[in-house]
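These are my notebook entries on a structure I went through chain by chain. I set down what I looked up, in the order in which I looked.

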Amino acid sequence: MLAYIGRRALLAVFTVWAISVLAFVIIQLPPGDYVTSYIAQMAASGSVVSEEEADNLRIQYGLGRPIYVQYYKWVKLFAEGNFGMSMEWKRPVTEVIGDRLWLTMVVAVSALLLTWVLALPIGIYSAVRQYSLGDYAATFVGFIGLAVPNFLLALVLLYLGFTLFNANTGGLFSVELQDAPWSMAKAWDLLKHLPIPALILGLAGTAQQVRIMRANLLDELRKPYVVTARSKGLTEGRVILKYPVRLALNPFASTIGYTLPYIVSGSIIVSLVLGLPTVGPLLLRALIAQDMFLAGTIVLLLGVMTVIGTLVSDILLVWIDPRIRLEDS
Amino acid sequence: MAGPDLTLDPAGVPAHGPAAVAPVEDRRIFVASQWQLTWWRFRKHRVAVVSGMVVIGFYLVVLGADFLAYADPNASEAQRSLMPPQSIHWFDGWRLSPHVYAVKGVRDQQSFRRVYREDPSQKIPVRFFAQGFEYRWLGLIPTTRHLIGVDGGRDGTQTIFLLGTDVQGRDLWSRLMYGTRISLTIGLIGVTMSLFLGVVLGGLSGFYGGLADTVIQRIIEILRSIPTIPLWMGLAAALPRHWTILQVYFAITIIISLLAWTELARVVRGRFLTLREEDFVVSARLVGCSQMRTIFVHMVPSFMSHIIAATTLALPAMIISETALSFLGLGLRPPAISWGVLLQQAQNVQTVAISPWLMLPAVPVIIVVMAFNFLGDGLRDAADPYGR
């Protein structure tokens, strides 16, 4: 079990490394180095960067030296929590991002939780009552969920909310609490706004999980041990929940790791449509304005958070599934 | 949707194997080739067959986009901004004579918006195979024929707008036709590239095993645990602004396919792993076939159908990716037209609330994605005709 977790952790480290390289590439791609464009940006807005300051920045980021040195310097500064300056906002990147990163993760994780909470009972129901009206309904909604890209779903929902109820369904906070400091009232407000984005983000994942759960459970339900359990006089609920569901849960749980990156990905676009204060809209603006430090930092931070989330779900999987736990011992 | 269960659940597919067929047909089945068996099995999957036809229909639109369009997709006219869709009236009294009513635009004095009123007294006949703007059919034959059109359509004295117009007064139907062409070909080219990467890397991984397998599998796992959209956005935003439409088109295709090959590689690797130990592969090796020959003559044909199914299932993700990127303004940029570019106009909910037809380009996205999914499911079930 320790070997398994160790392996996953090692892979996570590699993944973070790969993401950092990609983020560095994104920072490097626009023509010209960033100190030069930083100076140009500052000059455009009327402030002057002294020669000395510019030289300091150049040394700090190893500009003019080989690319791997530049990468190393950037990663080192990053690890120290110095993400550089945002050119567009003229403030440290850390300040610009602020709460947004946490809100992104809150939205993503609640979508993930919603996926499980919905998929598990619906999947079980669909398998146990195969070909029933409910099964067909779940199938139909599932297809819609898989076929409609989530940003379109957000758009349609926003449109319906706007035309039918004349209400703005977007956002994560009520207007009056938007800039307020954190308090119980604000947290409660966030909780009230979460279900809609979580549902939009989670629908595709839910549809997929229902499919997996249903197929697995149908396979298990046909096996003789189910008949045996039933003939022994166990109640129907116990027959199903105690044995086949537990077995069917396993392939279901192993896909969790891939659901989180998918949801985080989707949240970027959905946030734009729904106007959520996550890193999504910030990333888009940064990319369009070629504010590369900000963009690179967001990409890397999102990647790191996702990898951590995936690692946590892997460890949970070990806890659920004794087979993995016993594999190495 | 007849028997949606067939597509959902491979385990629930009723037995179609030789045993379930009438004895008269037995002989036919024993001598049939694998492709024939696959086709027979696929045919039984009605939803998949219908989806296949829908997909073919969409690709016919790709071929004939300029024939189906009746207005120049980039011709803008401020006087016709945001016109609602017009419906064709098929009968004039009892006589079949398709026509649309002329539309007059006036400025509403209160809201200062342009509002349009139909004028039933003024009928504009709709002609089939009408004259319109000039184009080259399939890029070769110059012609001015279009499926439908109105007299005076060429110089804009009389107009028809089946799906209304956008903010710049461009005809949405015609733009949709051209957008279909770009969106569906970008998916096709992208999937071809992913397929190439997937087959080469998945093949290496599955055939040689060992270190190559470990490395490639870890790379796949890493790629799958990265949130892709932020990465795409970063890469797409870095494309030089001065690039031509064609350059951006190919760059976007490459970006999308670079991150989408993992699923295909997984399928190919799985097939290689199962086939490697099969008797016919071992015998091929033993009689001295070269490695190339073993792979391409003996192994590949036996899982070709699996690859086709996996490819079909990979296409919708490609189409959605392009649509999403262009929707954000990071993918294809105007004057290029794709579904994503068209949907950009629907980004603002206030605009959509006043002109809901701007959301129409979402309809083909959804239909095509569904059709590809059903088709892929059907193909996957049929891919192994010797199974259950």
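Entry 1, chain B overall. I began with the fold summary, in which chain B has 15 helices and 4 strands, where helices (H or I, at least four residues) and strands (E, at least two) are DSSP runs numbered from the N terminus. I note that this is a predicted model, in which local features need pLDDT of at least 70 and side-chain atom pairs count only at pLDDT 80 or more, while totals for chains, interfaces and linings use all residues. Residues are numbered from 1 along each chain as its sequence is written, chains are lettered from A and ligands numbered from 1 in the order in which they are written, and side-chain values use heavy atoms, with hydrogens and water left out.

Along its principal axes, the C-alpha trace of chain B spans about 85 × 60 × 40 Å. Of its 388 residues, 50% are buried; buried means under 20% relative accessible area, exposed over 50%, and partly exposed in between, with a 1.4 Å probe and protein chains only. I also looked up the charges, and the mean positions of the 33 positive and 26 negative charges of chain B are 2 Å apart, counting Lys and Arg as positive and Asp and Glu as negative, without His and the chain ends, and placing each charge at NZ of Lys, CZ of Arg, CG of Asp or CD of Glu.

Entry 2, strands of chain B. I followed strand S3 (residues 114-137) into strand S4 (residues 141-150), which pair in the antiparallel sense over 8 bridges; two strands count as paired if DSSP finds at least two bridges between them. The two form a hairpin with 3 residues between them, and B:Leu138 in the turn has a positive phi of about 55°. I picked out B:Val126, whose bridge partner in S4(B) is B:Val150.

I then turned to B:His99, which is found in strand S2 (residues 95-107) of chain B and is buried, with a relative accessible area of 3%. Leaving aside residues up to four places away in sequence, B:His99 touches several residues, including B:Phe91, B:Asp92, B:Lys123 and B:Val126, a contact being heavy atoms within 4.5 Å.

I found 17 helices and 2 strands in chain A, and its C-alpha atoms fill a box of roughly 85 × 60 × 35 Å along the principal axes. Buried residues make up 47% of its 329 residues. Its 24 positive and 21 negative side chains have centres that lie 13 Å apart.

At the start of H15(A), a side-chain oxygen of A:Thr278 reaches to within 3.2 Å of the backbone nitrogen of A:Gly280, and just after the helix A:Gln290 takes a positive phi of about 55°.

A:Asp99 lies in the loop between helix H5 (93-97) and helix H6 (100-128), and at 40% relative accessibility counts as partly exposed.

I located A:Gln41 in helix H2 (residues 34-44) of chain A, where A:Gln41 is partly exposed at 31% relative accessible area.

Technical notes
A polar contact is a pair of N or O atoms within 3.5 Å; within protein, one must be able to donate a hydrogen and the other to accept it, and residues adjacent in sequence count only if both atoms are side-chain atoms.
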